[in-house]
Amino acid sequence: MTTATDISNRIIEAVMAQKLAPGSRLGEQQLAMLFDCSRTIVREALTRLSTRGIVTVSARRGWYVIEPSEDEAREAFEARRVIELGLLHQLKTVDKAAVRQLKNHLQREKAALAGSDVGARSFLLGDFHVCLAECLGNSLLADTLRDFTARTTLIAMLYQSSHDAAQSCADHVRIVEALEAGDIARAEALMSEHIGTVQSALRLQASTDPLAELRDALAPVRKSTGATPADAPVPTAPAKARATRKAAAKQPVPPPSDDASTYLGALL
């Protein structure tokens, strides 16, 4: 029998595999059909994911995968930096079993990079950080990192990250090599560099001016020279609206999309 945990885990996996994009709709009825369970179980799963910051709900629109703001993106990376560097900083030694498990994970990463399954590649690259916490014996932080990794995956999709997957894998290899050599300080420095590189690849605005967007919108309009006589009448708002409607009417109407198929296929 499908449980709320099963559903929430599948949604997290789909997010980490980049199969569910920011803003994807998660209809209760469609999910209940997909997982062959009641809407009550689906609602419980979505509620749990809401408290974990993965989905959000609107009274009128239903459940959706979150679309993190730029501030939330920065906070997510800061949180990951604190957790992962703190996890490494408190280490004294790393046992051979942990190193062996991490190397096995790296082998799967490399195989995914060589293959064509983009979803598996994305999932494994993100899951490395969860695996690291598990190997170092902290299951609580592993669960926390799973949620933050899912959020940063959504952030990378939303803000069009240019970070290369092969580079991520290479970073992971160097971190594990440092751990195997017993150089915890180097592993911590490499992790800090890795998180910083991934974050810097996002197309986030650097401006801290709270009025920047409004300032740009209300800046004087640059008038083109020579294209329009200086004494030409300025179109009124109704005239502009009519012109816009006429232009829109000439455009072909796109076929309606099926909301359900978009995310049901992603979860399979």
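This section describes the fold of a predicted model and then several local sites within it.

The chain holds twelve helices and two strands. Along the sequence, the elements run α-α-α-β-β-α-α-α-α-α-α-α-α-α. The chain has 268 residues, of which 38% count as buried. Contacts between residues at least 6 apart in sequence were also examined; 76% of them join residues at least 24 apart.

Helix H5 spans residues 96-114. Its 19 residues reach 27 Å from the first C-alpha to the last. That is close to the 27 Å expected at 1.5 Å a residue. The buried residues of H5 are Ala 98, Val 99, Leu 102, His 105, Leu 106, Glu 109 and Ala 112. Viewed down the helix axis, the buried residues of H5 fall within an arc of 135°, so they line one face of the helix. An α-helix has 3.6 residues a turn, so residues three or four places apart point the same way. The N-terminal end of H5 is capped by Asp 95. A side-chain oxygen of Asp 95 lies 3.3 Å from the backbone nitrogen of Ala 97.

Ser 122 counts as buried because its relative accessibility is 12%, and the cut-off for buried is under 20%. The side chain of Ser 122 reaches the backbone oxygen of Met 16 at 2.7 Å. With neighbours within four places in sequence left aside, Ser 122 is in contact with Met 16, Ala 17, Gln 18 and Thr 153.

Asp 36 is found in the loop between helix H2 (28-35) and helix H3 (39-51). The relative accessibility of Asp 36 is 71%, so Asp 36 counts as exposed. Gln 160 is placed in the loop between helix H7 (139-158) and H8. Gln 160 is partly exposed, with a relative accessible area of 47%.

Gln 160 is also among the contacts of Ala 201. Ala 201 is in the loop between helix H9 (184-200) and helix H10 (212-217). At 11% relative accessibility, Ala 201 counts as buried. Leaving aside neighbours within four places in sequence, the contacts of Ala 201 are Gln 160, Ser 161, Ser 162 and His 163. The C-alpha atoms of Ala 201 and Ser 162 are separated by 5.3 Å. Along the chain, Ala 201 and Ser 162 are 39 residues apart.

A search of the whole structure finds zero aromatic pairs. A charge does sit over a ring at Tyr 64. The charged end of Arg 61 lies 4.3 Å from the centre of the Tyr 64 ring.

Definitions and conventions:
Residues numbered from 1 in each chain as written. Predicted model: local features only at pLDDT ≥ 70, side-chain atom pairs only at ≥ 80, totals over all residues. Heavy atoms only, no water. Helix = DSSP H or I, 4+ residues; strand = E, 2+ residues; numbered from the N terminus. Expected span 1.5 Å × (residues − 1). Buried < 20%, exposed > 50% of the residue type's maximum accessible area, 1.4 Å probe, protein only. Arc of directions from axis to C-beta. Polar contact = N/O pair within 3.5 Å; in protein donor to acceptor, adjacent residues only side chain to side chain. Phe/Tyr/Trp six-rings, centres within 6.5 Å; stacked < 30°, edge-to-face > 60°. Lys NZ or Arg CZ within 6 Å of the ring centre and 35° of its normal. Contact = heavy atoms within 4.5 Å.
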